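Q: I have a structure open here and have not looked at it before. Can you walk me through it?

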Amino acid sequence: MKVKLCAAVAIGLSVLTVAAPASATTIERIVSPGGIEAWLVREPAVPLVVVDFAFGGGAVQDPPGKAGTAELVSSMLDDGVGDYDSKTFHDRLERKAIEMNFSVDRETLRGTMRTLKENGDEAFEDLRLSLNAPRFDASDIDLNRAQILAGLRRATTSPGDIANRRWWETAFAGHPYGRPVNGSLESLPTITADDLKAYTHRVLARSNLKIAIVGDIDPDTARAMLDHVFEGLPAKADLNPVEAVSPQGLGRRIVVSLDVPQSVVEFGGAGIARKDPDFMAAYIVNHILGGGSFSSRLYQEVREKRGLAYSVSDSLMWLDHAAMFLGTTATRDDRTGETLDLIQSEIHRLAENGPTADELAKAKAYLNSAFALNLDTSSKVAGLLVQLQLDDLGVDYISRRTAMIDAVSLDDAKRVAKRLLDGGLLVTVVGKPEGVASSGTTAN
């Protein structure tokens, strides 16, 4: 992921965005003359326009044996385009303070463009060129490949990266979810310009596109922009099917030996799908367990009461074809076994007994009030609106969310705690841990 924007301009745009946050109270669903849909939030207080979008596909659409193709594509969409080589295009963006940003995860390739309203026409044209006419020049491929490879080499000595990668490749062995998003030291060198072009032609299409627009722009201008930027893309994506899957290896512990000061622990199990009727109850239960709040059980038991780790947390994750919860912590080698046993004990205790009425009430209050932090900048609003579309939650989700949280009863929370947390954990540990041994696999 790269941002081609000079520092002074970036700071200026950030100040403008924070100074007058977009309001998410009115979301308009607009459709262009060419049939392209977007969600629009008008915010005339600041002369800024944000366009956020996502193409379904992501790294799971990498060709076999060429993991990292999507990552390399996303790193190059704001390099050379159309008649502009990389340097000329970067200078063009900087001259008009246009920020363009692309990234990829397992299932989406996402992009964001921010511009001052007065530079909108040029910004929209630049975005059109990035999506419709990327050049993938050999020199740019070599540079971006080298940057990704350098990151991969650093990751071979990073306990957090190793633990995370081992968790995913074990939980989803043989499945596209198990492949590393940024590829490997072996796969990156095999990716060619033809691979990048083929990927963009298959994945960057109108049929798998979600768009949000936030800022000082009226609906007619927004509709015209949608057709100008996106209408030239293929109508239909050509995506390889992805099978539904559940995390494997639950009950296993995998220890990877690495000479580092602390052991890193990654733990996770099967989750609950985003469209499942029990999801909101699971969301609340997960917050009580370790959802990032200082009041969570894991934080209180692991850090506050015993000082075993600086931080510990977990979160729900959902993909189109799998759901899980995934957590992490880091602790002294000689306290690793104690820390991991305590985490598993707290998970088991919450699964068996559920939360208390007080915990449920406090979690609801926090989740309802903290949600406003997702709406305090135009960029956050745009990103949220794209995610709501990807999750197919409806244009009225924000207005319904509080009632959905409030509707979760204590009985619901106890039942779903059992469902969510009683399925076992896959644990990966990287370091020189004491009191932890690999089970069901051979230690490295």
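A: Start with Ser-187, whose side chain comes 2.6 Å from the backbone oxygen of Ala-67. That is a polar contact, meaning a pair of N or O atoms within 3.5 Å; within protein, one must be able to donate a hydrogen and the other to accept it, and residues adjacent in sequence count only if both atoms are side-chain atoms. One caution: this is a predicted model, where local features need pLDDT of at least 70 and side-chain atom pairs count only at pLDDT 80 or more, while totals for chains, interfaces and linings use all residues. Residues are numbered from 1 along each chain as its sequence is written, and side-chain values use heavy atoms, with hydrogens and water left out.

Q: Where does Ser-187 lie?

A: Ser-187 is in the loop between helix H6 (159–171) and helix H7 (193–203). Helices (H or I, at least four residues) and strands (E, at least two) are DSSP runs, numbered from the N terminus.

Q: Is Ser-187 buried or exposed?

A: Ser-187 is buried, at 5% relative accessibility. Buried means under 20% relative accessible area, exposed over 50%, and partly exposed in between (1.4 Å probe, protein chains only).

Q: And what is Ser-187 in contact with?

A: Gly-65, Lys-66 and Ala-67, leaving aside neighbours within four places in sequence. Contact means heavy atoms within 4.5 Å.

Q: Next topic. Where is Asn-286?

A: Asn-286 lies in helix H9, which covers residues 279–290. Asn-286 is buried, with a relative accessible area of 5%.

Q: Which backbone oxygen lies 3.4 Å from a polar atom of the Asn-286 side chain?

A: The backbone oxygen of Asp-314. Not counting residues up to four places away in sequence, Asn-286 touches Gly-291, Asp-314, Ser-315, Leu-316 and Phe-325.

Q: What about the largest nonpolar core, which residues touch the most other members?

A: Phe-267, Ile-284, Leu-385, Leu-388, Ile-398, Leu-420 and Leu-421, out of 59 residues in that core. The largest share of this core, eight residues, comes from H9. A nonpolar core is a set of buried Ala, Val, Leu, Ile, Met, Phe, Trp, Tyr and Cys residues joined through side-chain atoms within 4.5 Å.

Q: What does Ile-284 touch?

A: Leu-360, Ala-363, Lys-364, Leu-367, Ile-405 and Val-408, not counting residues up to four places away in sequence.

Q: Which residues make the contact?

A: From H9, Ala-281, Ala-282, Val-285 and Leu-289; from H15, Asp-412, Ala-413, Val-416, Ala-417, Leu-420 and Leu-421. They divide into nine nonpolar, no polar and one charged. Here Ala, Val, Leu, Ile, Met, Phe, Trp, Tyr, Cys and Pro count as nonpolar, Asp, Glu, Lys and Arg as charged, and the others, Gly among them, as polar.

Q: And how are H12 and H14 arranged?

A: H12 and H14 are roughly antiparallel to each other. The axes of helix H12 (residues 357–370) and helix H14 (residues 397–406) cross at roughly 175 degrees and come within 10 Å.

Q: How do the residues of that contact of H12 with H14 divide?

A: Lys-364, Leu-367 and Asn-368 of H12 meet Arg-401, Thr-402, Ile-405 and Asp-406 of H14. They divide into two nonpolar, two polar and three charged.

Q: Something else. Which phi does Ala-97 have?

A: A positive one, about 55 degrees, although Ala-97 is not a glycine. Most residues other than glycine have a negative phi. Ala-97 lies in the loop between helix H3 (86–95) and strand E5 (99–104), and Ala-97 is buried at 11% relative accessible area.

Q: What about phi at Phe-136?

A: Phe-136 has a positive phi of about 50 degrees and is not a glycine. Phe-136 lies in the loop between helix H4 (120–132) and helix H5 (138–155).

Methods:
Axes are lines fitted to C-alpha atoms, for helices over the stretch in contact, and angles run from 0 to 180 degrees between N-to-C directions. Angles under 35 degrees count as roughly parallel, over 145 as roughly antiparallel, 65 to 115 as roughly perpendicular and the rest as oblique.
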